[in-house]
Amino acid sequence: MDEAEIAVIGGGIVALSVAVGLRRLGRRVVVLDEGDSAIRASRGNFGLVWVQGKGDLLPIYTPWAMGAVEIWPELAEWLQEFTGIDVSLEQLGGLYLCRSEADLALRAAKMASVAANVQGSYRYSMLDNKALRALVPQVGPEVAGGSYSPYDGQADPLRLFHALHRAYRRLGGHYLPGAGVASIATTARGYSLDTGQTRIAAERIVLAAGLGNAALGRMLGVEVPVKPVRGQILVTERVPKVFDLVMEQARHTPDGTMLIGGSWEEGAGHDTATSHDVTRRIASDAQAFFPFLKGVNILRSWGALRIITPDASPIYDEVAPGAFLVTCHSGVSLAAVHMQTVAGWVDKGAIPAEMADFGLRRFGNHHEAAP
Amino acid sequence: MTGMVDVAIIGAGPAGMAAAQALHVHGLRVSVLDERAGPGGNVHAAALDHPPEGAALLGRDYVRGAQAARAFAQSGVPVAYGASVSRIEGETIHYLQHGRLRQITAGRLMLATGAIERPVPFPGWHLPGVMGAGAFQLMLKQSRVVPAGGYVLCGTGPLVLLVACQLLALGSRPLALLETNAVASPVRVGAAHLSTLARNAGAVAKGLSYMARLRLAGVPVISGVTGVEAKGGETLQSVHYRRRDGATASLDAGMLLFHEGVIPGTQLGLALDCRHRWDSDQQCLVPVTDEWGESSRAGTFIVGDAAGILGADAAPHSAMLAAQRIAQQLGHRPDARAVAAARRALEQASGFRRFLDAAYRPGVAFGTPIADEAMICRCEQVTAATLRAAVRDGARGPAQAKAFSRCGMGLCQGRICGNAATRLIAADSGLDAAAVGGHHVRFPLKPLSLAELADEAPQTEQADG
Amino acid sequence: MTGPATPALLRRAKADTVAFMVTVDGLPVQVHPGDSVAVAVLCAGGKPYRRAVLGDAPRAPYCMMGACFECLVQVDGVPNRQGCLVPARPGMRIVRQNGLNAGPQEGPAE
């Protein structure tokens, strides 16, 4: 039987961000991770450090995301110093490309609705093809346009993922791989987690297992409304760096490869497979967006599962005394704020004002699981 | 080649050729795809490019293989050569041929993708001039070429000896053969397999004659080598080795041909999520199949060396079993005598393989931990030290290790580093290699351009040959 | 990065077929039926077979069976072809790859 002050359930970027934050606050932490083949959004992530478009269904998400990217440089600097891993943060602005006029009109409406809800300044612009190509000359002539935001950027998600694991280890954190939680019991001093092989006693627990939070929530009698939305991504061979801006549809990684997205597939369940039709459509779009990519080789494709809530925004909630739910789709964008503010909340137990409206109650009274 | 067939066979080597002909005889619609320009697979590569009399130089087995390739070419079985499988989804096979992505659909799939030489990372193995002895033998068969300068053979097993003899026959003599067999006395092993040896007297005689020819030619055979290192700059300059007693020495050489056996080519089966097991004796992944070669993916059969190493002579027999089973599944009467004969032949081959596996143990791959400076992932230039750091940072399997280190993320998608990565992660984490498992394989199986993927040929447009 | 010329790794021991010509980096090289593009480049010598995208490292074919991707070469304007799997054909223009793929060169032969 292992024992810790706080058990963090999950082994991805969200879990490790919180776990590292708690170790830095001096807490005794154990991270319970699944095995090598676990469904893991952190390994399939595109790597956007992103603000634009966030908050259209939950206005408080916009300032939360803006605050998160503002403190990201401190995280990058600390990880570089502490782990020797350069997570390649670049915050030079980002673009969302629209191939058709219809897509562009939808995008304009979404951005306008986000901006209307923001108190204070929110900078973005809608671009037509000409304005787009002034910014990124490689964009193809048949692309209708796009939206631009100066807040956006990118970081390498795999390096971040690795750096967080290394930082956690160097901070003396206890890490248990192959230890998915099968059941949760309450005890006089908190919780007892059963992995099937061992039991872990902890005063507090953090539910940070992505899609796994649905099952963990049920163990506590709480309905956690997360569902998988598959995204397929292509990665190319290394190409010379041609643009500094990052786009939701294309990102030049620090290793030189190009990531090309994407898809939004709601019916795929927990299947992370890729499909011919979708990868072919992505390749077709990518050729239209960037004609220079035509002859560039695709090395791999993969499917990753987004963790999507009904309003596509994070959930932070103490779902039972000492049981903290942390779930979101944007583990990279929010990494710095998870390490600071969210870890601070778990540490102190009192929710900061800017997080207070991210609770489950915003989804109405349906979040209690049927007995 | 038509767009819809009963069975698609991937690979036109000994197994694929045999299966295709057997199914063809049953009147089933068969299509064979192979990456090479002609039949024969690796073992009988380029068999049709040379006049038959030239094949004699390469030995009797090659002559027989060349004959089989010729017979296959005349059998009328439709084959797409230069065809590289890109993705298999359900019953549809997407393949790249002559710069176009094409597709066929097949009710049954047979993977006859053969073996690959066991990739054994050691320091400097990525230098130009270092290559597999089996790889070199392929060039020798295709082109009758020999190393231009001094060279060293290193490794263990019958193939190294055969390559040495083939080189001698072409008038080229290696500087030395560095024998890495961890078994000090194969003769003693032979004593335990006497009945097997008696049943395989021809093969045994062949092996003995290789050794005799090497001695006669005055090739120094240095035994008990446990570690090797290649040094050089733009190309290999010297080969450094260590013997079991700790003694070290070096040889100046422009080429190093290394070989410690072959392992099944599992890339396609892994991509299809066919179940695999870790063979702890041969330290490699092997697909799990039933007695007919059908994998855990219903309708997908794995035959020949791709299903487990038994050699080129045995490959047609496992292919025959799968072919008869498929014929039966599709309502044809299987040839019971062919099935019985194939089972007998496979049993004999398995016995001899057990002897070979016991008599030749890869001393470098199995006996020596991978050196920190060895570039385990050649594509992404990941050293063993970097992979070890990933294990220290918590990686317990190839997927997490890949995310942490990029090992297996390059062009070859783990074909070359996968086996060594599993072994290293197991050794360093204390886990069983079976628990560590193999790497995940993603589509496309080989790189293709965005334009090639976006502009796939319509189903009706099919190219022959 | 030039330095002294790299010797060819291979020489032909025996020719039982009629030779034809290809070019490697524009220079004529004699090859035979059965030769792969990789063999043509290895016989040509003079320079490393290719330079890796990472670190400019010299590399040459390792597996000759389509697995290792060390033999990538540009053939008739198409980059990144696996030289070990592509048979040499008369008049083929083979160009060594040094570093990044800058896209098709000279236009692919149709």
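Q: How many residues of chain B are in contact with chain A?
A: The model is predicted. Contact here means heavy atoms within 4.5 Å. On the side of chain A, 37 residues take part, and on the side of chain B the number is 35.

Q: Which three residues supply more than any others of the area that chain B buries against chain A?
A: The area buried between the two chains is about 3100 Å², and carbon and sulfur atoms give 52% of that area. Of the part that chain B buries, 22% comes from three residues. They are B:Asp393, B:Leu450 and B:Leu453.

Q: Which side chain of chain A meets B:Asp393 in a salt bridge?
A: The rule finds five salt bridges across the interface of chain B and chain A. A salt bridge needs a side-chain nitrogen of Lys or Arg within 4 Å of a carboxyl oxygen of Asp or Glu. For B:Asp393 the N to O distance is 2.7 Å, and the partner is A:Arg166.

Q: Which element gives the most residues to the side of chain B that touches chain A?
A: The interface also has 21 residue pairs in polar contact. Elements that give two or more residues to this side of chain B include strand S4 (83-89), helix H13 (384-392) and helix H14 (398-405). The one that gives the most, with six residues, is H14(B).

Q: Which residue in S23(B) stands opposite A:Asn297?
A: Strand S16 of chain A covers residues 297-308 and is joined to S23(B) by two bridges. These two strands run antiparallel. Opposite A:Asn297 stands B:Ser449.

Notes: Residues are numbered from 1 along each chain as its sequence is written. Chains are lettered from A and ligands numbered from 1 in the order in which they are written. This is a predicted model: local features need pLDDT of at least 70, side-chain atom pairs count only at pLDDT 80 or more; totals for chains, interfaces and linings use all residues. Side-chain values use heavy atoms; hydrogens and water are left out. Buried area is the accessible area (1.4 Å probe) that two parts lose on being put together, summed over both. A polar contact is a pair of N or O atoms within 3.5 Å; within protein, one must be able to donate a hydrogen and the other to accept it, and residues adjacent in sequence count only if both atoms are side-chain atoms. Helices (H or I, at least four residues) and strands (E, at least two) are DSSP runs, numbered from the N terminus. Two strands pair if DSSP finds at least two bridges between them.
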